[in-house]
Amino acid sequence: MPKLSVVIPIYNVERYLRECLDSVLAQTLKDIEIICVDDGSTDSSPDILREYAAADSRVKVISKPNSGYGHTMNTGFDAAAGEYIGIVESDDVIPEDMFEVLCREADSNNCDVVKADFRTFIDENGQRIFTLRPLTEAVRDPERFYRRVIDPAQEPDVFRLVMNTWSGIYRTEFLRGSNIRHNETPGASFQDNGLFFQTMALAERVMFLDRPFYMLRRDNAASSVHNKNKVWALCEEYDFIYDFLSSRKELFDRLIGYFWLKRYHNYAWSYDERIGAEFREEFIRRFAEEFRGARDRGELDMSLLEKREAARLERIMADPEEFHRRELPWLQIRDETAGGKGNPISRYIRRTRLCVHDQGLWYTIKHMARRLTGGDGK
C-alpha cells in the first residue's frame with residue numbers, strides 16, 4: 001500500500017500536462033502512486049502519459065472513452081491503493097512538499113480530511129502572477145478554523161469555507177466506508193461541490209492549514225469555469241447534494257440550512273460572474289422559484305446569511321424580473337471588465353465598486369489589504 005494515491009483527471013491538456021506531472025513526481029513524499037485517468041483525450045495527452053509511465057513506475061495510466069469529470073474521478077478513486085487520496089487537476093501545479101506535510105498532519109491527528117490554503121495564478125508577459133486564496137477568506141474570524149481538529153457535526157460553520165476538493169487529502173478508508181462519490185453528470189460541471197459537501201457532512205476529524213500549497217491555474221481558456229453556456233449544471237449538482245441529504249434524515253435536519261446557504265452563494269456567483277448574459281434573466285427566475293420553495297418548506301434559514309445577502313435574496317424571491325432589471329448596470333460592468341478588458345486603472349476602480357456592491361465594504365477592504373500586503377502568500 002503506497003502512502004498516497006494522487007488522482008489526475010485528464011482531458012486535452014497537452015499544453016500544461018508535463019508541468020503538472022513534473023510537480024507531482026518531484027514530491028518529497030516518494031511513497032506515492034500517480035493515477036492518470038485519461039477521459040478520451042484527442043490531443044497528444046495520451047502520448048505524454050505513455051512517456052511518463054515508461055520513465056517512472058509510480059505513474060499508472062487508465063484510458064477510457066470520454067464520459068465526464070465525475071466518472072473520471074470515480075474511476076481514479078476506485079483504482080487508488082494508497083492510504084490517502086489527493087487530487088491534482090492536470091493544468092495545475094503543486095509545491096514539492098505539499099503531500100508530505102498534509103500526510104504528516106493527517107497521521108499525527110488521525111484525520112479523515114486535511115485541507116490547506118492555496119494560490120491562484122496566471123502567466124502574463126513571461127511572469128507567473130500568484131494570488132493567495134485562504135480557505136477562510138469569506139469569514140470574519142478565520143483563525144478559529146486553523147491548526148486544530150474540527151468535527152463538522154459540532155461546528156457546521158466549516159461549510160462557509162471555500163469549496164474545493166484538490167487543496168487537501170482524504171483518508172481512503174473514510175471515502176470508501178462512507179460511499180462518497182462524485183456526481184457523474186456529463187462534462188466538468190461543479191462536481192467538486194458535491195464531493196466537498198459529502199466529505200464535510202460525513203467526516204468526524206478535519207484539519208485546515210493556514211499555509212498555501214496548491215497552485216490553481218486561472219488562464220486556461222478551456223477550463224470549465226470559462227464555459228458560460230453550462231447554465232443549469234450548477235442546479236443539477238445541488239439537486240444531487242439535496243438527494244444525498246434527503247437520504248439521511250439526521251444529516252438533512254442538521255445541515256439543510258447550510259445547504260441552502262451554499263446554494264445561495266454559488267447561484268449568486270453564477271448569476272453575477274459565470275453564465276452568459278442571454279441566460280441571466282431565465283436563471284434568476286429559477287433562482288427565485290427554488291428559494292421560495294425552500295422558504296415555504298421551512299428549509300431556508302435566513303439567519304445564516306449576512307444581512308446584505310439576506311436582503312438581496314429577499315429581493316430576488318419577491319420579484320426576480322425587477323431584481324434583474326436593477327442589476328443590469330452592474331452586470332454590464334462585470335462583462336466589460338471580464339478577462340482583463342479595458343484600461344487597468346479604470347478596470348480596477350470598477351471592479352472595486354462591484355466588490356463593495358456584492359460583498360460589502362468590510363470584505364472589500366480586507367480583500368484589498370491582502371492583495372497589497374501578501375497576495376503572493378509571503
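This is a predicted model: local features need pLDDT of at least 70, side-chain atom pairs count only at pLDDT 80 or more; totals for chains, interfaces and linings use all residues.
Is Lys60 buried, partly exposed or exposed, and at what relative accessibility? At 38% relative accessibility, Lys60 counts as partly exposed; buried means under 20% relative accessible area, exposed means over 50%, and partly exposed lies in between (1.4 Å probe, protein chains only). Residues are numbered from 1 along each chain as its sequence is written, and side-chain values use heavy atoms, with hydrogens and water left out.

Lys60 sits in strand β3. Setting aside residues up to four places away in sequence, Lys60 touches Glu33, Ile34, Ile35 and Cys36, where a contact means heavy atoms within 4.5 Å. One of these partners, Cys36, is 24 residues away from Lys60 along the chain, yet their C-alpha atoms are separated by 6.0 Å.

Now for the chain as a whole. Its secondary structure comes to 13 helices and eleven strands; these are DSSP runs numbered from the N terminus, with helices (H or I) of at least four residues and strands (E) of at least two. Of the 378 residues, 53% count as buried. The chain exposes about 16,700 Å², and carbon and sulfur atoms supply 50% of that (areas from the Shrake-Rupley method with a 1.4 Å probe; for residues, only the protein chains shown count as cover).

Two of the helices show what ends up inside. In helix α1 (residues 17-25), the buried residues are Leu17, Cys20, Leu21, Ser23, Val24 and Leu25. Their cover includes β1 (4-10), β2 (32-39), α2 (45-55) and β3 (59-64). Helix α3 (residues 69-79) has eight of its eleven residues buried, so it is largely enclosed by the rest of the structure. Those eight are Tyr69, Gly70, Thr72, Met73, Asn74, Thr75, Gly76 and Phe77. The elements covering them include β1, β2, β3, β4 (84-87), α5 (172-177) and α6 (191-202).

The axes of α7 (residues 233-246) and α8 come within 9 Å and cross at roughly 170°; axes here are lines fitted to C-alpha atoms, for helices over the stretch in contact, and angles run from 0 to 180 degrees between N-to-C directions. On the α7 side, the contact residues include Leu234, Tyr238, Ile241 and Phe244, and on the α8 side they include Leu251, Phe252, Phe259 and Trp260. By class, this contact has 14 nonpolar, three polar and four charged residues. Here Ala, Val, Leu, Ile, Met, Phe, Trp, Tyr, Cys and Pro count as nonpolar, Asp, Glu, Lys and Arg as charged, and the others, Gly among them, as polar.

Helix α8 (residues 249-274) also packs against α9 (residues 280-296), at an angle of about 170° and with the axes 10 Å apart. The pair α8 and α9 is therefore roughly antiparallel as well. Among the residues making the contact are Trp260, Arg263 and Tyr267 of α8, along with Phe283, Phe287 and Phe291 of α9. The residues of this contact divide into ten nonpolar, one polar and four charged.

Val113, in strand β5, counts as buried at 1% relative accessibility. Leaving aside neighbours within four places in sequence, its contacts include Ile169, Tyr170, Phe174 and Met200. Glu137 lies in the loop between β7 (127-133) and β8 (149-150) and is buried too, at 10%. The side chains of Glu137 and Arg133 are joined by a polar contact of 2.6 Å, meaning a pair of N or O atoms within 3.5 Å; within protein, one must be able to donate a hydrogen and the other to accept it, and residues adjacent in sequence count only if both atoms are side-chain atoms.

Then there is Asn110, in the loop between α4 (98-109) and β5 (113-116), with phi near 50°, a positive value in a residue other than glycine. Asn110 is partly exposed, at 48%. Asn125, in the loop between β6 (118-124) and β7, also has a positive phi, about 55°, and counts as exposed at 76% relative accessibility.

Key:
Angles under 35 degrees count as roughly parallel, over 145 as roughly antiparallel, 65 to 115 as roughly perpendicular and the rest as oblique.
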